[in-house]
Amino acid sequence: MKTPTAAFGLSQIGQISVPVRDIPRAVAFYRDTLGMRFLFQPSSNLAFFMCGDVRLMLDKPEDAEFQNHSSVIYYKVEDIQAWFAKLKERSVKMVDEPHLIARMPDHELWMTFFRDPEENLLALMSEVR
């Protein structure tokens, strides 16, 4: 059996899929509330956004198996307190206040969690120096 070399490894996310029940409502949230760059909507069941170098796909799954599965997407921001306030102003359902997760040698890791209109859990993260 061949063992992987140190050069082997997945290192870049190209796309993340988030299941939704209502595409127009989800598009409005990600585009208008979160300010993400809308790319295209090839059908009534799919919509695509750009988030840095990662594409986000909103998908209205036809198969029940995939309707309630979501990964937590962590959006990296500079000023977590300011972003928390902006999202609250936009009536985003916040789960908690920004809080310290870990003290690292060169920064502190802060997070806060919120939900989209489909109840998918999302997060803001900030590396505070």
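This is a short walk through a predicted model of one protein, from its overall layout to a few individual residues.

Residues are numbered from 1 along each chain as its sequence is written, and side-chain values use heavy atoms, with hydrogens and water left out. Since the model is predicted, local features need pLDDT of at least 70 and side-chain atom pairs count only at pLDDT 80 or more, whereas totals for chains, interfaces and linings use all residues.

Let me start with the layout. The protein has two helices and nine strands, where helices (H or I, at least four residues) and strands (E, at least two) are DSSP runs, numbered from the N terminus. Read along the sequence, the order is β-α-β-β-β-β-α-β-β-β-β, and the C-alpha trace spans about 55 × 45 × 25 Å along its principal axes. Of the 129 residues, 33% are buried, and here buried means under 20% relative accessible area, exposed means over 50%, and partly exposed is in between, with a 1.4 Å probe and protein chains only. If we take contacts, meaning heavy atoms within 4.5 Å, between residues at least 6 apart in sequence, 48% of them join residues at least 24 apart.

Now to the strands around β4. Strand β1 (residues 15–19) pairs with strand β4 (residues 54–59) in the parallel sense over five bridges, and two strands are said to pair if DSSP finds at least two bridges between them. Strand β3 (residues 46–51) is joined to β4 by six bridges, and these two run antiparallel.

Next, helix α1, which covers residues 23–33 and in which I23, A26, V27, F29, Y30 and T33 are buried. As a reminder, an α-helix has 3.6 residues a turn, so residues three or four places apart point the same way. D22 caps the N-terminal end of α1, with a side-chain oxygen 3.0 Å from the backbone nitrogen of R25. Just after the helix, G35 takes a positive phi of about 75°.

Let me move to β5 and β9, which pair in the parallel sense over four bridges, with A123 in β9 as the bridge partner of Y74.

In β9 (residues 121–128) I would pick out S126, which is buried, with a relative accessible area of 0%. A polar atom of the S126 side chain lies 2.9 Å from the backbone oxygen of E78. Beyond the residues up to four places away in sequence, S126 touches V77, E78, D79, I80, E108, L109 and W110.

Helix α2 contains F84, which is buried, with a relative accessible area of 7%. Leaving aside neighbours within four places in sequence, F84 is in contact with M94, D96, E97, P98, T112 and L124.

How much space lies in the largest pocket? The figure is about 180 Å³. A pocket here is an open set of points on a 1 Å grid over the protein atoms alone, where a 1.4 Å probe fits, with protein on both sides within 12 Å along at least five of seven lines, and lining residues have an atom within 4 Å of a point. Grid points are joined across faces, edges and corners, and the volume is the space filled by probe spheres set on the points. The lining includes Y75, K76, W83 and L124, and β5 (73–76) and α2 (80–89) each supply at least two of its residues. By class, the lining has nine nonpolar, no polar and one charged residues, counting Ala, Val, Leu, Ile, Met, Phe, Trp, Tyr, Cys and Pro as nonpolar, Asp, Glu, Lys and Arg as charged, and the others, Gly among them, as polar.

I will finish with two backbone angles. Most residues other than glycine have a negative phi. S91, in the loop between α2 and β6 (93–94), has a positive phi near 60°, and S91 is exposed, with a relative accessible area of 67%. E119, in the loop between β8 (108–115) and β9, has a positive phi of about 75°, and E119 is partly exposed at 40% relative accessible area.

Note on methods: A polar contact is a pair of N or O atoms within 3.5 Å; within protein, one must be able to donate a hydrogen and the other to accept it, and residues adjacent in sequence count only if both atoms are side-chain atoms.
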